[in-house]
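Let's take a walk through this model together, starting with a single residue and working towards the whole chain. Keep the structure open as you read.

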Amino acid sequence: MSKTDLIPPLAGSAVHPARRGFRIPEEIGVIIALVGMMAIIGFARPRFLNPINLFSLLGNTTFLGMLAIGMVFLLAIREIDLSVGWMFNFSAVFAALLMVAGIDPWLAAFAGVLFGAGLGLINGLIAVTLRLPAIIVTLGTYSMFQGLSLVVNKGRAIVPADQSSSFFSVISDKLFGIVPVAALVFIALALAMHVVLHRTRFGYRVQAVGSNPEAAAHAGIPTAWVRLQTLVLMGAICGLSGVMYVGFRGAIDPNEGSDFVLVVIAAVIIGGTPLSGGHGTIIGAVIGMMIIQVISSGLIFFGIDATWSTFVTGAVTVLAVSLDRLIKFQRTRRIERSKENFHA
């Protein structure tokens with residue numbers, strides 16, 4: 001038996017078996033959970049189902065949801081970036097300062113996205129060259145980016161004085177008066193990243209490296225290069241979310257983003273992306289973030305102190321991880337029994 005025979009097959013293989021019949025989406029569980037929660041809250045508090053409130057919820061999901069999209073790629077490759085909140089903040093501060101300096105807001109926003117990608121490149125280069133897990137590297141750069149952002153913004157909110165540019169009006173506009181344009185950009189990004197993860201060579205490599213790094217390297221996949229690309233992608237998405245936040249709110253507070261990371265990771269896990277890597281679901285992450293927003297909004301509608309939302313979010317995350325482990329355990333047992341029956 002050769003070495004390759006001992007290595008489990010790679011996830012996300014480009015060679016798909018023939019599909020027959022209707023296939024239930026893997027995100028069906030979180031979709032049912034989201035609809036069920038909305039139905040329960042709406043039954044008790046009908047005003048919750050007001051379209052204006054629902055689109056407001058979608059708008060609140062936008063900026064954190066974008067970060068969750070990038071985090072799916074990282075978890076799929078068995079990595080976690082703890083610095084996402086401060087890459088978001090620092091990129092927004094950078095773009096806002098360019099606007100204050102008189103740079104065209106569209107050009108400043110583009111520079112902010114590149115700046116975010118540069119922050120991700122720093123994370124990636126350190127992780128790859130020193131062969132360190134991203135979670136350790138970003139534990140350090142979390143404080144570095146936080147400190148530099150606070151030094152640059154001097155602990156004050158950055159507010160571009162001239163907001164007459166179309167950049168602000170477009171980003172903060174609402175289609176038909178209720179659908180935030182920023183939310184539409186978020187949905188478009190989610191669909192594009194879904195295609196990238198499941199229909200492109202890069203997405204295949206991400207899942208393959210996360211599934212089995214040894215097998216991926218043996219198959220000729222440049223694992224270090226894929227890790228670097230994924231961390232840069234995370235930074236660029238943080239930059240995009242940050243500059244859109246400036247366009248939507250018209251300012252960036254000095255500590256905005258400081259508590260984003262745990263919420264982002266929770267949404268991705270609730271959505272069905274495992275911590276063990278090898279697989280990810282963009283649609284699940286988006287729905288996971290919407291579940292968190294529905295929980296927070298539902299608490300307010302029931303008159304419960306909003307500070308309980310953090311506890312409830314953590315409890316839902318623990319429940320999601322527990323169910324994920326239980327399903328995997330049962331699946332492993334089923335496979336082992338099948339093998340035993342085959343060899344019997």
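In what follows, two residues are in contact when they have heavy atoms within 4.5 Å of each other. The model you are looking at is a predicted one.

With that in hand, please find Arg47, which sits in the loop between helix H2 (28-44) and H3. Leaving aside neighbours within four places in sequence, Arg47 is in contact with Asn53 and Phe301. Is this residue buried or exposed? The relative accessibility of Arg47 is 63%, so Arg47 counts as exposed, the cut-off for that class being over 50%.

Now follow the chain into H3 itself. Two packed helices are described by the angle between their axes and the distance between the axes. For helix H3 (residues 51-76) and helix H11 (residues 223-249), the axes come within 9 Å and cross at roughly 175 degrees. H3 is therefore roughly antiparallel to H11, since angles over 145 degrees fall in that class. Which kinds of residue make up this contact? By class, there are 16 nonpolar, four polar and one charged residues where H3 and H11 meet. On the H3 side you will find, among others, Phe63, Met66, Ile69 and Phe73, and the H11 residues they meet as a group include Leu233, Ile237, Met244 and Phe248.

Finally, zoom out to the whole chain. There are 14 helices and two strands, and 44% of the 344 residues count as buried. Among contacts between residues at least 6 apart in sequence, 79% join residues at least 24 apart. The C-alpha atoms fill a box of roughly 75 × 55 × 35 Å along the principal axes. The radius of gyration is 21 Å, which agrees with the value near 20 Å that a compact globule of 344 residues would have.

Notes. Residues are numbered from 1 along each chain as its sequence is written. This is a predicted model: local features need pLDDT of at least 70, side-chain atom pairs count only at pLDDT 80 or more; totals for chains, interfaces and linings use all residues. Side-chain values use heavy atoms; hydrogens and water are left out. Axes are lines fitted to C-alpha atoms, for helices over the stretch in contact, and angles run from 0 to 180 degrees between N-to-C directions. Helices (H or I, at least four residues) and strands (E, at least two) are DSSP runs, numbered from the N terminus. Angles under 35 degrees count as roughly parallel, over 145 as roughly antiparallel, 65 to 115 as roughly perpendicular and the rest as oblique. Ala, Val, Leu, Ile, Met, Phe, Trp, Tyr, Cys and Pro count as nonpolar, Asp, Glu, Lys and Arg as charged, and the others, Gly among them, as polar. Buried means under 20% relative accessible area, exposed over 50%, partly exposed in between (1.4 Å probe, protein chains only). The radius of gyration is taken over C-alpha atoms; the globule rule is 2.2 Å times the number of residues to the power 0.38.
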